[in-house]
Amino acid sequence: MNQSILVVGAGFSGAVIARELANNGHQVTICDARSNVGGNCHTERDKQSGVMVHRYGPHIFHTTDTEIWEYVSQFTTMKPYRHSVRTTVQSSVYSLPINLQTINQFFGKTFNSDEARAFLADQCEDFQAPQNFEQAALASIGRPLYEAFFRGYTIKQWGCDPTEIPAQVFARLPVRFNYDDRYFDHRLVGIPADGYTALIQNILDHPQIDLQLNTTCTAQDISDYDHCFWTGTIDSYFNFIHGRLGYRTLSFEMARKAGDWQGCAVMNYGDISAPYTRVTEHKHLAPWEDHNETVISIETSKACGPTDTPYYPTRKLSERDQLKSYVDMAKAAPNVTFAGRLGTYRYLNMDTCIRAAIDIVAAYCSAVTSGSPSPNFATDPL
Ligand SMILES: Cc1cc2nc3c(=O)[nH]c(=O)nc-3n(C[C@H](O)[C@H](O)[C@H](O)COP(=O)(O)OP(=O)(O)OC[C@H]3O[C@@H](n4cnc5c(N)ncnc54)[C@H](O)[C@@H]3O)c2cc1C
């Protein structure tokens with residue numbers, strides 16, 4: 001039975017949901033409050049220099065999921081890309097994530113892998129089950145590296161002490177005892193040749209998809225449809241009845257320069273005394289292009305106010321009960337499925353969003369066919 005479906009949000013999650021629904025014969029209206037598709041992956045060419053700019057921060061597509069790589073490759077040419085990041089700390093430039101180069105340079109040593117491992121093991125503090133980011137870092141790399149590379153950066157990025165951040169956030173960061181300086185060690189790493197916005201426009205190019213930009217939706221709008229997939233913030237759907245969930249927002253100070261500015265795509269600034277977290281030089285995210293000028297964006301992070309763009313869900317330990325209240329309301333709400341990083345209040349990489357979007361539409365279509373209840377969430381928020 002073909003249905004009329006509203007998809008709120010035309011980022012990666014909403015676009016893939018819309019496309020999969022249309023491929024299954026449903027009629028889809030997709031709305032976005034912004035004047036462009038792509039959500040936070042939005043890219044556009046700087047008019048003067050021609051450089052492709054990642055408006056909401058650098059986005060590198062990385063995955064182990066071959067099907068997802070093939071899925072996006074139907075809509076664009078994926079250019080292989082090698083991402084390596086540098087960090088400026090205590091007046092020196094180091095390689096990130098921490099690897100043998102970083103360790104030897106920081107401690108003024110010439111360790112081999114085993115020596116470095118043993119040296120760091122001596123510095124590590126004993127936390128059997130780390131309860132927060134700081135404990136996880138101290139248990140893994142010891143205090144000197146933690147203080148230099150993570151403490152200041154984390155305070156600037158998250159606006160709180162690292163003891164307030166879940167241990168899992170540190171667990172996501174690799175520590176290597178070799179000279180591999182790739183930021184992502186996934187087999188499939190790339191960037192769409194024409195940027196993410198063109199890719200998402202191609203995903204939405206389907207006769208059964210009606211795209212409406214500059215259109216903000218509320219929970220009231222869903223009554224005209226059989227079902228809604230909501231990729232906006234979950235708390236806004238419920239009109240913030242349990243208060244606002246915490247987010248960090250980012251600001252980007254853009255500048256055009258001649259030639260090459262910093263010699264790499266991303267330079268982090270780890271010292272607490274540096275007012276920004278990182279600088280992105282966008283042309284290094286498209287090394288297959290040639291530009292005489294360059295565009296940089298200087299990134300700072302702060303708490304997200306009611307009119308700011310939400311970027312990173314803070315997911316502080318203290319926010320769990322509030323989130324649970326929204327999840328309970330979502331489970332009781334008829335005809336709506338929450339998806340994407342805002343709808344599930346989770347940090348999700350692009351490949352994870354796409355996989356979740358494909359799977360949730362498959363689950364929805366099978367629920368429609370069998371007459372069983374529709375799923376509430378594409379990804380478990382808790
Ligand atoms: C700085 C930064 C860097 C990142 N780098 C990477 C990376 O390198 N690799 C990677 O895999 N992932 C990266 N990510 C994650 C990536 O951005 C997300 O996976 C992706 O954007 C999620 O897509 P989404 O559609 O779920 O959400 P979004 O991109 O946020 O899209 C949601 C859309 O919904 C719209 N919307 C919200 N509410 C409403 C409403 N009420 N009515 C109408 N429209 C609404 C918004 O305008 C927005 O366009 C990064 C994230 C950030 C913040």
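Helices here are DSSP runs of H or I with at least four residues, strands are E runs of at least two, and both are numbered from the N terminus. I am working on a predicted model, where local features need pLDDT of at least 70 and side-chain atom pairs count only at pLDDT 80 or more, while totals for chains, interfaces and linings use all residues. Residues are numbered from 1 along each chain as its sequence is written, and side-chain values use heavy atoms, with hydrogens and water left out.

**Entry 1: the annotated domain**

I looked up residues 148–347 and got 23% helix and 24% strand. The end C-alpha atoms of that stretch are 25 Å apart. An unreviewed UniProt entry annotates residues 148–347 as "domain: UDP-galactopyranose mutase C-terminal". UniProt positions are in the numbering used here, the feature name is shortened, and such an annotation may be inferred rather than shown by experiment.

**Entry 2: Thr 154**

Thr 154 belongs to helix H6, residues 143–158. Is Thr 154 buried or exposed? Its relative accessibility is 4%, so I put Thr 154 down as buried. My cut-offs are under 20% relative accessible area for buried, over 50% for exposed and partly exposed in between, with a 1.4 Å probe and protein chains only. Leaving out residues up to four places away in sequence, I find Thr 154 touching Phe 133, Gly 159, Cys 160, Pro 162 and Ile 165; contact means heavy atoms within 4.5 Å. I also checked Asp 271, which is 117 residues from Thr 154 along the chain, and their C-alpha atoms are separated by 10.0 Å.

**Entry 3: aromatic pairs**

Searching the whole structure turned up 27 aromatic pairs. The rule takes rings of Phe, Tyr and Trp (its six-membered ring) with centres within 6.5 Å, and planes under 30 degrees apart count as stacked, over 60 as edge-to-face and the rest as tilted.

I opened Trp 158 and Tyr 312: the ring centres are 5.7 Å apart and the planes sit at 55 degrees, so this pair is tilted. Trp 158 is in helix H6 and Tyr 312 in strand E16 (residues 312–313), so the pair ties together parts 154 residues apart in sequence. Both Trp 158 and Tyr 312 are buried.

Next came Phe 238 and Tyr 326, with ring centres 6.3 Å apart and planes at 25 degrees, so I call the pair stacked. Phe 238 lies in the loop between helix H9 (234–237) and strand E12 (247–258), and Tyr 326 in helix H10 (residues 320–332), so to speak 88 residues apart. Phe 238 and Tyr 326 are both buried.

I also noted a cluster linked by ring pairs: Tyr 94, Phe 106, Phe 107, Phe 111, Phe 119 and Phe 149.

**Entry 4: cavity and pocket**

The search runs on a 1 Å grid over the protein atoms alone: a cavity is a set of points where a 1.4 Å probe fits but cannot get out, a pocket is an open set with protein on both sides within 12 Å along at least five of seven lines, and lining residues have an atom within 4 Å of a point. Points are joined across faces, edges and corners, and a volume is the space filled by probe spheres set on the points.

How many cavities of 30 Å³ or more are there? The count is one. The largest cavity holds about 60 Å³. Its lining includes Met 52, His 54, Ile 191, Pro 192, His 282, Trp 288 and Glu 289. Strand E4 (52–54) and strand E9 (188–192) are the elements giving two or more residues to that lining. By class I get seven nonpolar, three polar and one charged. Here Ala, Val, Leu, Ile, Met, Phe, Trp, Tyr, Cys and Pro are nonpolar, Asp, Glu, Lys and Arg charged, and the others, Gly among them, polar.

The second largest pocket comes out at about 460 Å³. It has 21 lining residues, with Pro 166, Gln 168, Val 169, Arg 315 and Arg 346 nearest its centre. Helix H7 (167–171) gives the most to this lining, three residues. The lining splits into twelve nonpolar, three polar and six charged.

Most residues other than glycine have a negative phi, and most peptide bonds are trans. The bond from Leu 96 to Pro 97 is cis, with omega near -5 degrees. Ser 91 has phi near 65 degrees, and at 77% relative accessibility it counts as exposed.
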